[in-house]
Amino acid sequence: MRMGEAVLAYGGGRLDRAGALRTDPARIEGLLADPATAVLPLWRDHCLVDSDGPVRLTGHRASLVRAASGETVFLGLDGDAAVFAVDLSALTEQSAVEMAGAARAVDVRALVGRLDTDDAAVQAYARGLLHWHRQQRYCGTCGAPAVAGGGGHVRTCTGGECGRLLFPRIEPAVIVLVEAPGSPGRCLLARHAGASEDAWSTLAGFVEVGESMEDAVRREMAEEAGVTVTDVTYQGSQAWPFPAGLMVGFRATATSEEVRVDGEELLAARWFTRAELRERVASGRTLGRVDAIDHHLLGTWLAEGD
Ligand SMILES: [Zn+2]
């Protein structure tokens, strides 16, 4: 998606997901037999890359990796060509790399700045979908094995009377730029447990069962930082399939400047002016992860000026 002029990593892309084809097994088989069809091999959440980036196989090598694959999933159409992903996780890393004719296995997030938007989006999509297949091998209701169908977008329980349909799960999280009341404009950044001493980022948390996203914003800000917020406003969202996230960006306004961190998830939190953030940028520090939505939440806020 776009926030201002920024295109957030791992979403968008030119792929047509062509959902209607998933339920047409004959068509899926036909696409797999088409020499123009592209196959993206992955190994345990990693892309397989050569010097040009993630490998995209066709023809004989595509057939080879499919034969060795745990799952083959239909990702969509890139123009007229179908794109599938295959999972080589059952192999050793070296065997997977060699079979794919690649040079090494690497997480798509380590390729930030080197992959174009389309490649990052399709690799993240493939990573998330194949991860789900590896985690959903059995039915959670009756324990029977579940088998893939629908082009790899559903698994069906094989327990006779159960037969439950299992769909990929998305786990939404809210990520929030909290502004202080009054002026000058200030935003709340926190140091998270486990992060480095000078890593300040926006606050975030998972949406719980029975909550709206706005409820989750209000609860998380109160729990983690002792801040009551109003004016919760949607800013944009970002696919984050690492392994199953959806980051939903908000802005909110605190009713007071008082901050009290929980000491568990957050070690410290304080208000930053735009001048302070500009100083951090000028000294070479980034505002959050450059591929993540908080970088854009902060960048957009900073650009607004006081
Ligand atoms: Zn079942």
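1. A charge sits over a ring if NZ of Lys or CZ of Arg is within 6 Å of the ring centre and within 35 degrees of the ring normal. R274 meets this with W301: its charged end is placed over that ring, 3.9 Å from the centre. R270 likewise lies over the face of F272, at 3.8 Å from the ring centre.

2. On the basis of this note: this is a predicted model, in which local features need pLDDT of at least 70 and side-chain atom pairs count only at pLDDT 80 or more, while totals for chains, interfaces and linings use all residues. Residues are numbered from 1 along each chain as its sequence is written, and side-chain values use heavy atoms, with hydrogens and water left out.

3. The zinc site. Four cysteines coordinate the zinc ion through their SG atoms, C139, C142, C157 and C162, at 2.3 to 2.4 Å. Donors here are N, O and S atoms within 2.8 Å of the metal (3.2 Å for Na, K and Ca); water is not among the atoms, so sites may look incomplete. Along the chain, the donor residues follow the spacing C-x2-C-x14-C-x4-C.

4. Geometry of that site. The arrangement is tetrahedral because the four donor atoms subtend angles of 94 to 115 degrees around the zinc ion. The criterion for four donors to count as tetrahedral is that all angles lie between 85 and 135 degrees.

5. Buried means under 20% relative accessible area, exposed over 50%, and partly exposed in between (1.4 Å probe, protein chains only). C157 is buried, with a relative accessible area of 5%, whereas C162 is partly exposed at 30%.

6. Helices (H or I, at least four residues) and strands (E, at least two) are DSSP runs, numbered from the N terminus. Three strands make an open sheet in the order 9-10-11, with antiparallel pairing. Strand 9 (146-149) and strand 11 (165-166) each have a single partner strand and stand at the edges, so one side of each has no neighbour in the sheet. Strands of a sheet pair through backbone hydrogen bonds, either parallel or antiparallel.

7. Pairing within that sheet. Two strands pair if DSSP finds at least two bridges between them. Strand 10 (residues 154-157) is joined to strand 11 by two bridges, and the two run antiparallel. R155 has L166, in strand 11, as its bridge partner.

8. Aromatic pairs. Rings of Phe, Tyr and Trp (its six-membered ring) pair if their centres lie within 6.5 Å; planes under 30 degrees apart count as stacked, over 60 as edge-to-face and the rest as tilted. Six aromatic pairs turn up in a search of the whole structure. One of them joins Y10 and F242 edge-to-face, at 4.9 Å centre to centre and 80 degrees between the planes. This pair links distant parts of the chain, 232 residues apart: Y10 is in the loop between strand 2 (6-7) and helix 1 (25-33), and F242 is in the loop between strand 15 (229-240) and strand 16 (245-254). Y10 is buried at 4% relative accessible area, and F242 is buried at 12%. Ring pairs link Y10, W240 and F242 into a cluster.

9. Cis peptide bonds. Most residues other than glycine have a negative phi, and most peptide bonds are trans. The bond from F242 to P243 is cis, with omega near 15 degrees, and P243 is in the loop between strand 15 and strand 16. Another cis peptide bond joins S183 and P184, where omega is about 5 degrees. P184 belongs to the loop between strand 12 (171-179) and strand 13.

10. Positive phi. A18, a residue other than glycine, has a positive phi near 45 degrees. A18 is in the loop between strand 2 and helix 1 and is buried, with 14% relative accessible area. D45 also has a positive phi, near 70 degrees. The loop that holds D45 runs between strand 3 (38-43) and strand 4 (46-50), and D45 is buried at 16%.

11. Two further loop residues. T202, in the loop between strand 13 (186-192) and strand 14 (203-206), is buried at 3% relative accessibility. Contact means heavy atoms within 4.5 Å. Not counting residues up to four places away in sequence, T202 touches I175, V176, L177, L188, L189, H192, D294 and L298. V209, in the loop between strand 14 and helix 5 (213-225), is exposed, with a relative accessible area of 87%.

How values were computed. Four donors count as tetrahedral if all angles lie between 85 and 135 degrees; four count as square planar and six as octahedral if opposite donors are over 155 degrees apart and all others between 65 and 115; anything else is irregular.
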